[in-house]
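Please consult the sequence and the structure while reading.

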Amino acid sequence: MMAASNGTAPELARPAGAIRALVDPFARAITYLRVSVTDRCDFRCVYCMSEHMAFLPKADLLTLEELDRLCSVFISKGVTKLRLTGGEPLVRRGIMTLFASLSRHLQSGALKELTLTTNGSQLSKYASELKNHGVERINVSLDTLDPDKFRAITRWGELDKVLAGIDAAQAAGLKVKINAVALKDVNDDEIAPMIEWAHGRGMDMTVIEVMPLGDIDEARIDQYLPLSLLRARLSDRFTLEDIDYRTGGPARYVRVKETGGRLGFITPMTHNFCESCNRVRLTCTGTLYMCLGQNDAADLRKPLRASESNDVLAAAIEEAIARKPKGHDFIIDRRHKRPALARHMSVTGG
Ligand code: SAM
């Protein structure tokens, strides 16, 4: 079934009267839910986590059945795109059963896209299954193609495993996009060769500015590279042509004339993209963050567990969306030594 041309949910897929679309106070329709299915990860990326993270007790986590129920209520209220993330979504035990059960919403036409963001370490194992459950496109986070640098950035990761995972994903027919966080004096010199590598394999690539989320073991200012600077440097080597391509997210794309591929820029620091925000984020304990860059949140676990009917939950979701803030205000400079927000990206999911 096709979505309405204005980008709103395909209402015909749902029973009449069942839907009250989620629209926030700034008239933005909320059609995109990102779900962090676990706060755990098999990597410890230096800009994301400290080496010794305290993780949530397993008992605090929503079960996979509860996650399915929550996602399904969002879908019944107009969410058409669902991204599972983390932590590392593919390290959550039994995660394929969640993909399998959520795929029924793809079949009904209520959900347009079921996808995930992954570090790629488990893709060799799961790529075919993901494809069988209706996943078409995935994002793989990869900041370098140098094995030693990869180990230094991820602390625990192995580049070979991730590259094998990307091979498996492409062999399974999944469309892969590479996401790289731009890190000053770490991988800035590698972005150009990575673009050539990704585009050479038919993969889009997006570069992301580092965001001040959570205490890590080093200073953000040492990592922060404004993408305006990176773009200027890339322009010395490539012809970057602005294009209209949008994925409904914050990335702004150019076509790289020399490679023919697409390159996205996600610039939460240098250019605020909140005006078109269509998303909210759910943690693995059922906390809903209406903005990645603000602290206000709504507990959905309590209403979820309060009643077997979804009415209480649906009302709690509506109430939360009515509080969605206009945007974030991240700052990284020498006067702001503390993170803008105490929580790590692994909690809300990147
Ligand atoms: N483990 C999965 C992965 O690696 O893609 C999903 C979770 S991870 C938190 C999602 C994305 O957030 C990754 O691309 C990661 O590089 C990015 N990320 C983590 N901390 C960040 C930060 N402080 N600023 C910008 N991006 C960050």
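This is a predicted model: local features need pLDDT of at least 70, side-chain atom pairs count only at pLDDT 80 or more; totals for chains, interfaces and linings use all residues.

Helix α8 itself spans residues 227-237, and Leu227, Leu230 and Leu234 are buried in it. Viewed down the axis of α8, the buried residues fall within an arc of 55 degrees, so they line one face of the helix.

The ligand is considered next. It is surrounded by 17 residues, and the closest are Tyr47, Gly87, Glu88, Ser141 and Met211. The shell around the ligand consists of 6 nonpolar, 8 polar and 3 charged residues.

| Residue | Protein atom | Ligand atom | Distance |
|---|---|---|---|
| Gly87 | polar backbone atom | nitrogen | 2.9 Å |
| Glu88 | side-chain N or O atom | nitrogen | 3.0 Å |
| Ser141 | polar side-chain atom | oxygen | 2.5 Å |

Taken alone, the ligand exposes 550 Å², of which the protein buries 95%.

Is Asp160 buried or exposed? Its relative accessibility is 61%. Because a residue counts as exposed over 50%, Asp160 is classed as exposed. In sequence, Asp160 and Pro147 are 13 residues apart, while in space their C-alpha atoms are 7.7 Å apart.

Methods:
Residues are numbered from 1 along each chain as its sequence is written. Side-chain values use heavy atoms; hydrogens and water are left out. Buried means under 20% relative accessible area, exposed over 50%, partly exposed in between (1.4 Å probe, protein chains only). Helices (H or I, at least four residues) and strands (E, at least two) are DSSP runs, numbered from the N terminus. The arc is that of the directions from the helix axis to the C-beta atoms. A residue is near a molecule or strand if one of its heavy atoms lies within 4 Å of it. A polar contact is a pair of N or O atoms within 3.5 Å; within protein, one must be able to donate a hydrogen and the other to accept it, and residues adjacent in sequence count only if both atoms are side-chain atoms. Accessible areas come from the Shrake-Rupley method with a 1.4 Å probe; for residues, only the protein chains shown count as cover. Ala, Val, Leu, Ile, Met, Phe, Trp, Tyr, Cys and Pro count as nonpolar, Asp, Glu, Lys and Arg as charged, and the others, Gly among them, as polar.
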